[in-house]
Amino acid sequence: MTTNEVTTVRWGCPDSQMSLYGTALVLAASGEVALVNRLMPAGTTMQEWYSSTDYQAVRESPVLPLLHGGMTYRVVADATSVPAGTFFFEVRFFDRFDTLLSAVVLYPPEHSFGYPPDSHHYTIRLVNAGCDELRFTSLTLLEVEPHGQE
């Protein structure tokens, strides 16, 4: 099984749609993010990246690439949390009418997901699972090629 890097995603601009009240968020020039909030409830979305956006509504370009239906992809995060392992990624798949088709929860350090053939676009959410502190550098998306396609 071989893997090809599709993209590496940084934190980017703080998402204006996220409610991170009481959060100390430091964006370093290196691209690393330090986030501290000991009172943030589990299940809170800390950041979200999109493969398709309505520029008029959010004033941001998509940072995630378009993917191929039926292919398998792997997410590898360069991130740590205190306590350890208290965040996860949720990949959500939508049709062309922006209706949620399905969602997959990925627990770091790395996990794979299949991109549904009928999906039009997707988002990746970084979700709190009880972390007090998070250090995030990047998220790498890899295309996984099965044996025999090399």
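This is a predicted model: local features need pLDDT of at least 70, side-chain atom pairs count only at pLDDT 80 or more; totals for chains, interfaces and linings use all residues.
Trainee: How many aromatic pairs does a search of the whole structure find?

Mentor: Rings of Phe, Tyr and Trp (for Trp, the six-membered ring) pair if their centres lie within 6.5 Å; planes under 30 degrees apart are stacked, over 60 edge-to-face, and the rest tilted. Searching the whole structure turns up 9 aromatic pairs. One of them is Trp49 with Phe136, a stacked pair at 5.6 Å centre to centre with 25° between the planes.

Trainee: Which parts of the chain does the pair of Trp49 and Phe136 link?

Mentor: Strands (E, at least two residues) and helices (H or I, at least four) are DSSP runs, numbered from the N terminus. Trp49 sits in strand β4 (residues 45-50) and Phe136 in strand β10 (residues 133-145), so to speak distant parts of the chain, 87 residues apart. Both Trp49 and Phe136 are buried.

Trainee: And why is the pair of Phe93 and Phe113 tilted?

Mentor: Their ring centres are 5.8 Å apart and their planes stand at 45°, so the pair is classed as tilted. Phe93 belongs to strand β6 (residues 87-94) and Phe113 to strand β8 (residues 110-114), so this pair ties together parts 20 residues apart in sequence. Phe93 and Phe113 also belong to one aromatic cluster with Tyr73, Tyr115 and Tyr122.

Trainee: Back to β10: how many of its residues are buried?

Mentor: 11 of the 13 residues of β10 are buried, which makes the strand mostly covered.

Trainee: Over how many bridges do β5 and β10 pair?

Mentor: The rule is that two strands pair if DSSP finds at least two bridges between them. Strand β5 (residues 72-82) and β10 run antiparallel over 11 bridges, with Thr72 opposite Val144 of β10. Strand β1 (residues 2-9) also pairs with β10 in the antiparallel sense, over 7 bridges, and there Asn4 faces Glu143. Strand β3 (residues 33-36) makes 4 antiparallel bridges to β10, where Ala34 has Arg135 as its bridge partner.

Trainee: What order do the strands of the open sheet have?

Mentor: The order is β4-β9-β6-β7, 4 strands with antiparallel pairing. β4 and β7 (100-106) are at the edges with a single partner strand each, so one side of each has no neighbour in the sheet. Inside the sheet, β4 and strand β9 (residues 121-128) share 5 antiparallel bridges, and our stacked Trp49 stands opposite Ile124 in β9.

Trainee: Now the charges: how many salt bridges does the structure hold?

Mentor: A salt bridge is a side-chain nitrogen of Lys or Arg within 4 Å of a carboxyl oxygen of Asp or Glu. The structure has 3 of them. In one, the side chains of Glu133 and Arg38 meet at 2.7 Å, N to O. Glu133 is in strand β10 and Arg38 in the loop between β3 and β4, so the pair ties together parts 95 residues apart in sequence. Glu133 is partly exposed at 25% relative accessible area, while Arg38 counts as exposed at 52% relative accessibility.

Trainee: Which salt-bridge partners join into one network?

Mentor: Take it in two steps. Glu48 and Arg125 meet at 3.2 Å, N to O; Glu48 lies in strand β4 and Arg125 in strand β9, so the pair ties together parts 77 residues apart in sequence. Both Glu48 and Arg125 are buried. Arg125 also meets Glu90 at 3.8 Å, N to O; Glu90 lies in strand β6 and Arg125 in strand β9, so parts 35 residues apart in sequence are tied together. Glu90 is buried, as is Arg125. Through shared partners, Glu48, Glu90 and Arg125 form one salt-bridge network.

Notes: Residues are numbered from 1 along each chain as its sequence is written. Side-chain values use heavy atoms; hydrogens and water are left out. Buried means under 20% relative accessible area, exposed over 50%, partly exposed in between (1.4 Å probe, protein chains only).
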